[in-house]
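Hi everyone, thanks for coming along. I'd like to walk you through one structure today, so please have a look at it first.

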Amino acid sequence: MIQLENEGGRGKYQAISFLGCAAQMYFFLLFSSSECCLLAVMSYDRYVTICNPMRYSLIISRKVTISLAAVVWISALPLFYTVSTPTFNPIIYSLRNKEIKVALRKLLGRKKIRIS
């Protein structure tokens, strides 16, 4: 459990589970990467609007709009995995190390910790 302090440093603590924290981080990174891709598509749309105003409806048709929206959501997933995999790999592989397990046991003060 991760404890968060309320505003002002007073009052009760609120706890969030590790799974809840991981889910929140997952969706935050997924939606923020899709937002970056969406901004790129919007800039392309603005570019076409400014540079070719008379041909805009021919260049940006309904089919192109749907295709660009699909590309945004599909490219957001590989972008998310490109960023998250190098971030979590050191954590995963360090938990396999026996020295890290011993140090973690000492830190938490428990004799048995299950880390697979």
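**Helices, rings and a patch**

Let's start with helix α1: at 1.5 Å a residue, its 34 residues should span 50 Å, and the end C-alpha atoms are 49 Å apart, which agrees. The expected span here is 1.5 Å times one less than the number of residues. Helices are DSSP runs (H or I, at least four residues), strands likewise (E, at least two), and the numbering of both goes from the N terminus.

Before going further, a word on where this comes from: it is a predicted model, where local features need pLDDT of at least 70, side-chain atom pairs count only at pLDDT 80 or more, and totals for chains, interfaces and linings use all residues. Residues are numbered from 1 along each chain as its sequence is written, and side-chain values use heavy atoms, with hydrogens and water left out.

Now, which residues of α1 are buried? They are Leu-30, Ser-33, Ser-34, Cys-37, Val-41 and Val-48. By buried I mean under 20% relative accessible area, with exposed over 50% and partly exposed in between (1.4 Å probe, protein chains only). Leu-38, also placed in helix α1, is partly exposed, with a relative accessible area of 35%. Leu-38 and Val-71 sit 33 residues apart in sequence, and their C-alpha atoms are 9.3 Å apart in space.

On to the aromatics. Rings of Phe, Tyr and Trp (its six-membered ring) pair if their centres lie within 6.5 Å; planes under 30 degrees apart are stacked, over 60 edge-to-face, and the rest tilted. That rule gives three aromatic pairs. Phe-27 and Phe-31 have ring centres 6.1 Å apart and planes at 20 degrees, so this pair is stacked. These two are four residues apart in helix α1 (residues 18–51), and are therefore separated by about one helical turn. Phe-27 is partly exposed at 42% relative accessibility, and Phe-31 is partly exposed too, at 44%.

What about Phe-31 and Trp-73? Their ring centres are 6.2 Å apart with planes at 90 degrees, so we call the pair edge-to-face. Phe-31 lies in helix α1 and Trp-73 in helix α3 (residues 62–95), so the pair ties together parts that are 42 residues apart in sequence. Trp-73 is partly exposed, with a relative accessible area of 47%. Put together, Tyr-26, Phe-27, Phe-31 and Trp-73 form one aromatic cluster.

Next, the surface. Met-25, Phe-28, Phe-88, Ile-91, Ile-92 and Tyr-93 make a nonpolar patch of about 630 Å². Patches take residues with over 30% relative accessible area and no salt bridge, joining like charges within 9 Å and nonpolar side chains (Val, Leu, Ile, Met, Phe, Trp, Tyr) within 5 Å. A salt bridge puts a side-chain nitrogen of Lys or Arg within 4 Å of a carboxyl oxygen of Asp or Glu, and the areas are Shrake-Rupley values with a 1.4 Å probe, with only the protein chains shown counting as cover for residues. Which helix gives the most to this patch? That is α3, with four residues. Phe-28 belongs to helix α1 and is exposed, at 55% relative accessibility.

Finally, the cysteines. How many disulfides (cysteine sulfur atoms within 2.5 Å) does the structure hold? For Cys-37, the nearest cysteine sulfur is that of Cys-36, 6.8 Å away. Cys-37 is buried at 16% relative accessibility, whereas Cys-51 is partly exposed at 42%.

How values were computed: Disulfide = S-S within 2.5 Å.
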